[in-house]
Amino acid sequence: MSREFDLVVFGATGFTGKLVADYIARATPQPRWAIAGRNKDKLEALGLRVPVLVADALDAPAIAAIARRTKVICTTAGPYAKYGNEIVAACAEHGTHYCDLAGEVQWMRRMIDAHHERAVASGARIVHTCGFDSIPSDLGTWALQQEMIKAYGTPATSVTALFGESSGAISGGTVASGMQTALEASADRSIRKLLGNPYALDPDPHATRPSAPDESSIGWNSQLKMFTVPFLMAGINTRVVRRSHALAGFPWGQDFVYREVMSTPGSARGLAMATAIAGGLAGIAFAMKRPRLRELLAKRAPQPGEGPSAEKRANGHWKTRFVGVAGNHQLVYVAGDTHGDPGYGSTAKMLGESALSLALDPLSAPGGVTTPSVAMGQFLLDRLRRAGLTFAVAG
Ligand SMILES: NC(=O)c1ccc[n+]([C@@H]2O[C@H](COP(=O)([O-])OP(=O)(O)OC[C@H]3O[C@@H](n4cnc5c(N)ncnc54)[C@H](OP(=O)(O)O)[C@@H]3O)[C@@H](O)[C@H]2O)c1
């Protein structure tokens, strides 16, 4: 593919976009890249010595012109259900690879239905969820399965991801995206139904698949001796892991089951933490279904462009444990970052490395609306390890 740029960071003026642009600016060797967005002055004020491309996300011809000039568009302009349609359409049409931080399952379903076939034909790898949602889940499960096969000659028939110790906060764009999903769900019953479908992102979301209900109460993980509690992001991540498995042709068996929870220590304090988290989640779910409470929450939350301070990001961290089981065999795998909060510091590394991988690595995966592990697998794993993230069998 001979194009003027290896990659374009679109939405570089946003809270996360700035972090991703800074990350790419420090990459060695430097790719041929540019920043893009709707506001020329704001883009130039970032002080990055790279070309500036100006386009509104809703201006289809302007977006198509960018898609034709670059191998990859990496976009942080969200909510994606508002600002993502034209970018995905242009990338699928022009064979341009694409990565984002979308967590809006209903929108990703729309992109699959509208653009998967065209992306297969054009060779464009369209990869949503290249941040904390859902790279730890997706790549962690894939990596654990490679280790299971190496150790026991067979993949795990069930994997449980337990999201444990972490420290971080959220940004205005993330709040706006959550509100967007809540708004669409409250207005449309078919979207509520889709969001409740554990296989919402599978090629065929209505095929008969193993039962995999979302976790709804406090539990106990006997392998790790930890309490478990529903995880807010599981409704996104589990759908992505299941899409990966389906796109790969079900290599872990038709009965493979993936679950995802938060974990707290197996002590009295851990139980108290689990109870508090479950209560908080129930409160959020209650508020999101009521327009006035939703508005109140949105007003008090960070606004677009705002997010956690540099200090909070640098001191942030996260750790996810994966338990894979195949008959009597069991393997525990760990993913994490000790130098980056999940949503921003670490996410900038994950999205930045995804963009670099799509642009520069000799990937062989086919085009389509795909997933991080299917599109980039081992290449991305190696990159993230070099970037300081942990992906390893538990010691
Ligand atoms: N998956 C994850 O782990 C993860 C982590 C972090 C963030 N996210 C997601 O990333 C997205 C961004 O979050 P954020 O907090 O960085 O948002 P933000 O600070 O509000 O930034 C939004 C960006 O979109 C741009 N934009 C808005 N409307 C546009 C338009 N019509 N044309 C072109 N550009 C437009 C804004 O440009 P202006 O500067 O000109 O307004 C800005 O650059 C959200 O969807 C969030 O959920 C996901």
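The legends below accompany close-up views of a predicted model. Local features are reported at pLDDT of at least 70 and side-chain atom pairs at pLDDT 80 or more, while totals for chains, interfaces and linings use all residues. Residues are numbered from 1 along each chain as its sequence is written, and side-chain values rest on heavy atoms, with hydrogens and water left out.

**View A. Helix α1 meets helix α14.** Here residues 15-25 (α1) pack against residues 345-360 (α14) at an angle of about 55°, and the axes are 9 Å apart. Axes are lines fitted to C-alpha atoms, for helices over the stretch in contact, with angles running from 0 to 180 degrees between N-to-C directions. Helices (H or I, at least four residues) and strands (E, at least two) are DSSP runs, numbered from the N terminus. The angle makes α1 oblique to α14; angles under 35 degrees count as roughly parallel, over 145 as roughly antiparallel, 65 to 115 as roughly perpendicular and the rest as oblique. The crossing is right-handed, a label used if the near helix is turned clockwise from the far one by less than a right angle, with anticlockwise giving left-handed. From α1, look for Thr-16, Leu-19, Val-20, Tyr-23 and Ile-24; their partners on α14 include Ala-348, Leu-351, Gly-352 and Leu-356. Contact means heavy atoms within 4.5 Å. Sorted by class, the residues of this contact are seven nonpolar, three polar and two charged. Ala, Val, Leu, Ile, Met, Phe, Trp, Tyr, Cys and Pro count as nonpolar, Asp, Glu, Lys and Arg as charged, and the others, Gly among them, as polar.

**View B. The other partner of this view's α14 is helix α15.** The axes of α14 and α15 (residues 372-386) come within 10 Å and cross at roughly 130°. That angle makes α14 oblique to α15, and the crossing is right-handed. Eight nonpolar, two polar and three charged residues make up the contact.

**View C. Helices α5 and α6 side by side.** The axes of α5 (residues 85-94) and α6 (residues 105-122) come within 8 Å, crossing at roughly 20°. The two helices are therefore roughly parallel to each other, and their crossing is right-handed. Among the contacting residues are Val-88, Ala-89 and Cys-91 of α5, together with Trp-107, Met-111 and His-115 of α6. The contact holds seven nonpolar, three polar and two charged residues.

**View D. Residues around the ligand.** Of the 29 residues around the ligand, Thr-13, Thr-16, Lys-42, Ser-171 and Ser-177 come nearest; a residue is near a molecule if one of its heavy atoms lies within 4 Å of it. The side chain of Thr-16 has an N or O atom 2.7 Å from an oxygen atom of the ligand. Ser-177 places a polar side-chain atom 2.7 Å from a ligand oxygen atom. Asp-133 takes part through its backbone, with an N or O atom 3.2 Å from an oxygen atom of the ligand.

How values were computed. Polar contact = N/O pair within 3.5 Å; in protein donor to acceptor, adjacent residues only side chain to side chain.
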